[in-house]
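Please consult the sequence and the model alongside the text.

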Amino acid sequence: MDDDIAAAVAARLAGLPPLRETIAAHDLDARKRLGQHFLLDLNLTRRIARAATPLSPGTVIEVGPGPGGLTRALLLEGATRVVAIEVDRRAITALQELQEAAGGRLQIIEGDALKIDLATLGPPPRRIVANLPYNVSTALLVRWLHAAGDVADMVLMFQKEVVDRLVAVPRTKDYGRLSVLAQHVCSVQRLFDVAPSAFVPPPKVTSSVARLRPRPAGDRLADLRPLERVTAAAFGQRRKMLRGALAGLFTDPVAILTGLGLAPTARAEELTVAQFVRLAGALTSE
């Protein structure tokens, strides 16, 4: 019966108008202030969806679906519950045709994803699969890192420079606060790049798709805020030695660093993720 339902959904999805027609019909031109760049190539969107499989158990969460290119792909690749969060009312109207074709598998929420609790969106396992709006992509990711216990997997598209930072290692120019936070909470993998020509309108930069899979609860901090504070202080003045950069956080940063076996004269980019976690622990106990 499930195969029959899936086949019926696929047939209805195939009967939908092309995405370009949907965009034209609903005056859904991409808006810069919303960070919108639409993916219309179904082969590419299905490649992104397949990277997040299995999609059938639990809930798939998509942020910024726009005209629904990736949404269609998620449904075609077997997602049985997709929750699409969209702040642009024009897109909500365009997505309603897709919702009707999806046979109860698509829920549309009009709202700001930065204000929505993931745990309220459906049963686990929850997977976030999204072509993120560029202007809020980093803020969304940091919010989700704080809620890692509510997510099984994330397959996300960012500007390439953001993924460069996510996967960066110590002593490289891209290594920074986001690298430490993401790699402590998740295993991070760059999957593939996407050329500007794949989007409407084309952005000025290359994009990249990455997978972030949260580590077991016992392998990551329950509270990320101390790690955020030490990384913000250290990388906020990355040219300074740590003894100076951390002076605003610790009464005696030299004693703290020495006690942890770290050189007070080191700079932020020299520390590993694990060493930053130890610093965060020292901040909590001070």
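Arg171 lies in the loop between α7 (160-167) and α8 (177-185); helices here are DSSP runs of H or I with at least four residues, strands are runs of E with at least two, and both are numbered from the N terminus. The model is predicted, so local features need pLDDT of at least 70 and side-chain atom pairs count only at pLDDT 80 or more, whereas totals for chains, interfaces and linings use all residues. Residues are numbered from 1 along each chain as its sequence is written, and side-chain values use heavy atoms, with hydrogens and water left out.

**Positive phi outside glycine**

- Arg171 is not a glycine, yet its phi is positive, at about 70°.
- Arg171 counts as exposed because its relative accessibility is 63%; exposed means over 50% relative accessible area, buried under 20%, and partly exposed in between, with a 1.4 Å probe and protein chains only.
- Asp27, in the loop between α2 (19-25) and β1 (38-39), also is a residue other than glycine with a positive phi, near 50°.
- Asp27 has 53% relative accessibility and therefore counts as exposed.

**Cis peptide bonds**

- The bond from Thr53 to Pro54 is cis, with omega near 5°.
- Pro54 belongs to the loop between α3 (42-51) and β2 (59-63).
- Pro124 and Pro125 are likewise joined by a cis peptide bond, with omega about -5°.
- Pro125 is located in the loop between β4 (106-110) and β5 (126-131).

**Burial of strand β5**

- Strand β5 is largely enclosed by the rest of the structure, because six of its six residues are buried.
- In a regular strand, side chains alternate between the two faces of the sheet.
- In β5, Arg126, Ile128 and Ala130 point one way, while Arg127, Val129 and Asn131 point the other way, and all are buried.

**Pairing and crossover of β5**

- Strands β2 and β5 run parallel and are joined by three bridges; two strands pair if DSSP finds at least two bridges between them.
- Ile61 stands opposite Ile128 of β5.
- Strand β5 also pairs in the parallel sense with β6 (residues 153-159), over five bridges.
- Asp153 in β6 is the bridge partner of Arg127.
- From β5 the chain passes through helix α6 (residues 137-146) to β6, a β-α-β crossover that is right-handed; this term applies if, with the strands pointing away from the viewer, the path from the first strand over the helix to the second runs clockwise.
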